[in-house]
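Welcome, and please take a moment to look over the sequence and the model below. The notes that follow walk through a few of its features.

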Amino acid sequence: MHFNQNNSNIVTNWEFSLDCAKKLDQNDKLSHFRDKFHFPTFSDKRPIYFTGNSLGLQPKLTRTYINRELDEWAKWGVDGHTRAERPWMPYHELFTDKIARLVGAKHSEVAVTHSLTTNLHLLMVSFFNPKGKRCKILCEKKAFPSDQYALQSQLQFHGLNPKENLIEVEPRDGEHTIRNEDIISIIEDHEDEIAMIMIGGVNYFTGQVFDMQKISNAGHKIGANVGFDLAHAAGNISLKLNEWNVDFATWCSYKYLNSGPGGVSGYFIHERHVSNEDIPRFAGWWGHNKEDRFKMPDTFSPIPTAESWQLSNAPVISMAAHLASLEIFDEAGFENLRAKSIELTNFLAFVIDEINKEVSINLEVITPKEENDRGCQLSIVAHGAERKLFNQLTAEGVISDWREPNVIRVAPVPLYNSFEDVYRFGEVLKQALKI
Ligand SMILES: *Cc1c(COP(=O)(O)O)cnc(C)c1O
């Protein structure tokens, strides 16, 4: 291992060693962010937390932010809606700028409220409008179960049979990930049948990032609406939803966005739609024009932004956790985080290659190799291994995810994981495979 001559901050030759990992951590300008999080304490082993793709760790700041709102509630009662330091009535507006930057949107295009699957349904009420022959939905095979159920039940809601009207794109034989070109050609093959395309922007199982811009263009060319579930994308990869012309998208805040179990969701609706009152939607009072909301008029008059899809007043306690987390993202800067994320995951891929040289079981990374085609997660098939392997990892403090029959999903996240975490994970994995 040596340091690059021209830029002493870049370690060019990696080694699978603690020394190398520590040098990489010393060069990491974001390494101090790790101290801003609580790591699980339930085990006597030092945790290697690689499940930020499932539930992000708790920022230490979160308790302060939640307590602040509890104190406001105790002090003001109902008057907190207007008199709290951050009044609850417009509390959700605190997210507009932060979220718009995170997903590449204009202020009018985003809002934060409800939960993810709820938002997915609300958005499909607006953007899945089957008519005649154009009544099908295109999605990826083995989408996250909640998305599958949501899509199937939307079809049924319109009196359509999911078996006939859900087109699922799958990997080619012998491949693990779906080729973007296959998605595009299936869109073209069904050009007069597809009403809506709804895909997980980053596949939860393989970690594959889809080419959202290309899919969006191809969908629009045939006259379909295009939406993405960004549960595994928000806070993980760079997004440019406005520029990509995506019609709608939604995500949760408790995975990469570290905002707590069941945390509030966010959504995006492209500016060309937000003030179109002809788009069908399910309405609630929080989507009604702010000026006369409390005059309680009989007819709904939508706010001319994505906020008009809000049904209910802001869940402030859960939003306080989201706010604490987003302030940390702002402090770190998302571009810095993404740059570290790429390096951290490349280092993990390198470590797995090194382990493969020393053990008999083959570890096959099924996540795409190209850094633009993946976020921080790697999904590893441990050929010939059984659940016992996962149990051994867990016993050594590795907190990861196992999918039958033999897939380990690990996600080193740039805010709180270190190169040393990656090294130590590699050591534990290597030892477990040698037994
Ligand atoms: C995590 C996840 C969900 C979970 O949905 P909730 O409504 O938040 O329970 C849904 N879809 C995808 C793709 C996910 O990754």
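Lys23 counts as partly exposed because its relative accessibility is 23%, where partly exposed lies between buried (under 20% relative accessible area) and exposed (over 50%), with a 1.4 Å probe and protein chains only. This is a predicted model, in which local features need pLDDT of at least 70 and side-chain atom pairs count only at pLDDT 80 or more, while totals for chains, interfaces and linings use all residues. Residues are numbered from 1 along each chain as its sequence is written, and side-chain values use heavy atoms, with hydrogens and water left out.

**Around helix H1**

Lys23 has a partner: its side chain meets that of Asp19 in a salt bridge, 3.4 Å from N to O. A salt bridge here is a side-chain nitrogen of Lys or Arg within 4 Å of a carboxyl oxygen of Asp or Glu. Asp19 and Lys23 are 4 residues apart in helix H1, so about one helical turn separates them. Asp19 is partly exposed too, with a relative accessible area of 45%. Helix H1 covers residues 18-26, and Leu18 is found in it. Helices (H or I, at least four residues) and strands (E, at least two) are DSSP runs, numbered from the N terminus.

**Salt bridges across the chain**

How many salt bridges does the count come to? The total is 29 salt bridges.

| Pair | N to O distance |
|---|---|
| Asp19 and Lys23 | 3.4 Å |
| Arg46 and Glu420 | 3.1 Å |
| Glu93 and Lys290 | 2.7 Å |

Arg46 and Glu420 form a salt bridge. That pair links distant parts of the chain, 374 residues apart: Arg46 is in the loop between strand E1 (37-38) and strand E2 (48-49), and Glu420 is in helix H14 (residues 419-434). Arg46 is partly exposed at 45% relative accessible area, whereas Glu420 counts as buried at 15%.

Glu93 and Lys290 also form a salt bridge. They too link distant parts of the chain, 197 residues apart, with Glu93 in the loop between helix H3 (80-83) and helix H4 (96-103), and Lys290 in the loop between helix H10 (271-274) and helix H11 (316-332). Glu93 is partly exposed at 35%, and Lys290 is partly exposed at 32%. Elsewhere, Asp97, Lys98, Arg101, Glu327 and Asp330 are linked in a network of salt bridges.

**The ligand and its surroundings**

Which residues are around the ligand? They are Leu116, Thr117, Phe144, Asp147, Asp229, Ala231, His232, Tyr254 and Lys255, each with a heavy atom within 4 Å of the ligand. By class, this shell has 4 nonpolar, 2 polar and 3 charged residues.

Some of these residues make polar contacts, which are pairs of N or O atoms within 3.5 Å. An N or O atom in the side chain of Asp147 is 2.7 Å from a nitrogen atom of the ligand. His232 places a polar side-chain atom 3.2 Å from an oxygen atom of the ligand, and a polar side-chain atom of Tyr254 lies 2.5 Å from an oxygen atom of the ligand. Taken alone, the ligand exposes 390 Å², and the protein buries 82% of that; such areas come from the Shrake-Rupley method with a 1.4 Å probe.

Conventions
A polar contact is a pair of N or O atoms within 3.5 Å; within protein, one must be able to donate a hydrogen and the other to accept it, and residues adjacent in sequence count only if both atoms are side-chain atoms. Ala, Val, Leu, Ile, Met, Phe, Trp, Tyr, Cys and Pro count as nonpolar, Asp, Glu, Lys and Arg as charged, and the others, Gly among them, as polar.
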